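Please walk through this structure with the sequence at hand.

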Amino acid sequence: MRVAIIQEHVDLSRGGAETSVLEMARQLARHGCDVTVLCRGPVESPVDDPGVRVRPLTVGGPTRALRTYRYIQAVQRLCRKERFDIVHAVTPCLAANIYQPRGGTYAETLTRGLALTASPLARRLRALGRRFNVRQRFLMRLERVLLTRRAARVVVAALSDYVRRQVEDFCRAASGSGATPPVRVIFNGVEVAAWAADEQSRLRAERRAALGIADWTPLILFAAHNFRLKGLTELIRALAHRAAQPDWLLVVAGRDHPARYQRLVHRLHLGDRVRFVGTATSLRSWYAAADVLAHPTWYDPCSRVVLEALSLGLPVVTTRYNGAAEAMVPGRHGVVIDGPADTAALAAALERSVQPELQAACQADAARFAERFSMARHARELLALYEERRGPRCGR
């Protein structure tokens, strides 16, 4: 089966959807698919995988919006020429017969992004400013056409029930008739190797020794590249909340700029209780060192970092605006709170998640969780959907 995956950016250093798409492509290739990832060139980080063909389409233009537009046009021309069995679009494309919005719908992304701004006036100004984002408006319009006018030929593969609801709500509002394309929830997956013998304890000891803390000191891990969207401000405020334990240590891993958050740490008199470690150290070693992953996100269609942590037995605190929360069993995998703004609830959730009983339950469930939410399982379910949709060649 010839499969084209449409993903504008392929850069492993970006993490998130880019990494996830390549993991998905690799697993599909292992199941016998002939997979080509059509991205916009040049590719910043080389992709070294013999099972996946990455085909960069180099397009020019003075603006990002024009380059995206020309990339989509080039993809659609190529799909008409190549006539793939399946065109699986992550970036919306009218040649698609499978649409998988791994970032959720553009409408929900904008709505949740505006929720970050507390002032109603500032939110209105930000919403007005979005109207001048030509690239975003183009992709939103393309998604609207794909989900309404092309609904008869497209199936949506949603990463979570949260994304399914986004698609259905959007289609009802856009069409006015309640008509939607078929939506299949194919829950997100990750590739995580189980702990080798003594690996977890060794990494835990090494990381904690480097930090200068004891084994019993509660360590909270925050791992993200967009600190603001994923709730770092609220997490730091929760750490300063009077209900928080005085010996908690927060480790912040990610490539975002820490200066504004370091100033907040200083204002709240947290001293060295927050450490910014960048991306130099592997996230796997921080999973081993931590007692809980804090992901108090304002928006996440289905967080990879949450699924990775739980697959390795690390409890999680997250919000209902994260599709990955649907995989969590309360009292076994951590705590899901209503939203990041309630810092008292966030502090209390962190305290519950470091309790020995919950820690033991999460560790005991790790292997089962890892199998249930693996990328291999995700690819198998996608392949079954491909077989259902296979028929006339795509790209006409």
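The model is a predicted one. Helix 13 itself covers residues 356-364, and its buried residues are Leu 358, Gln 359 and Cys 362. Viewed down the axis of helix 13, these buried residues lie within an arc of 100 degrees, so they line one face of the helix.

Next comes a pocket. The second largest pocket has a volume of about 210 Å³. Which helices each supply at least two residues of its lining? They are helix 8 (232-239) and helix 9 (259-267). Helix 9 gives the largest share of this lining, with five residues. Among the lining residues are Arg 260, Tyr 261, Arg 263, Leu 264 and Arg 267. The lining also includes Thr 233, Glu 234 and Arg 237, as well as Leu 116, Arg 228 and Trp 298. By residue class, the lining of the second largest pocket divides into six charged, four nonpolar and one polar.

Is Arg 135 buried or exposed? Its relative accessibility is 16%, and because buried means under 20%, Arg 135 counts as buried. Leaving aside residues up to four places away in sequence, Arg 135 touches Glu 8, His 9, Arg 64, Ala 65 and Thr 68.

Finally, the chain as a whole. Its secondary structure comes to 15 helices and 13 strands. The radius of gyration of the chain is 22 Å, close to the 21 Å that the globule rule gives for 396 residues, so the chain is as compact as a globular protein of that length. Taken along the principal axes, the C-alpha atoms fill a box of roughly 60 × 55 × 40 Å. Of the 396 residues in the chain, 55% are buried. Among contacts between residues at least 6 apart in sequence, 71% join residues at least 24 apart.

Conventions. Residues are numbered from 1 along each chain as its sequence is written. This is a predicted model: local features need pLDDT of at least 70, side-chain atom pairs count only at pLDDT 80 or more; totals for chains, interfaces and linings use all residues. Side-chain values use heavy atoms; hydrogens and water are left out. Buried means under 20% relative accessible area, exposed over 50%, partly exposed in between (1.4 Å probe, protein chains only). Contact means heavy atoms within 4.5 Å. Helices (H or I, at least four residues) and strands (E, at least two) are DSSP runs, numbered from the N terminus. The arc is that of the directions from the helix axis to the C-beta atoms. On a 1 Å grid over the protein atoms alone, a cavity is a set of points where a 1.4 Å probe fits but cannot get out, and a pocket is an open set with protein on both sides within 12 Å along at least five of seven lines; lining residues have an atom within 4 Å of a point. Grid points are joined across faces, edges and corners, and a volume is the space filled by probe spheres set on the points. Ala, Val, Leu, Ile, Met, Phe, Trp, Tyr, Cys and Pro count as nonpolar, Asp, Glu, Lys and Arg as charged, and the others, Gly among them, as polar. The radius of gyration is taken over C-alpha atoms; the globule rule is 2.2 Å times the number of residues to the power 0.38.
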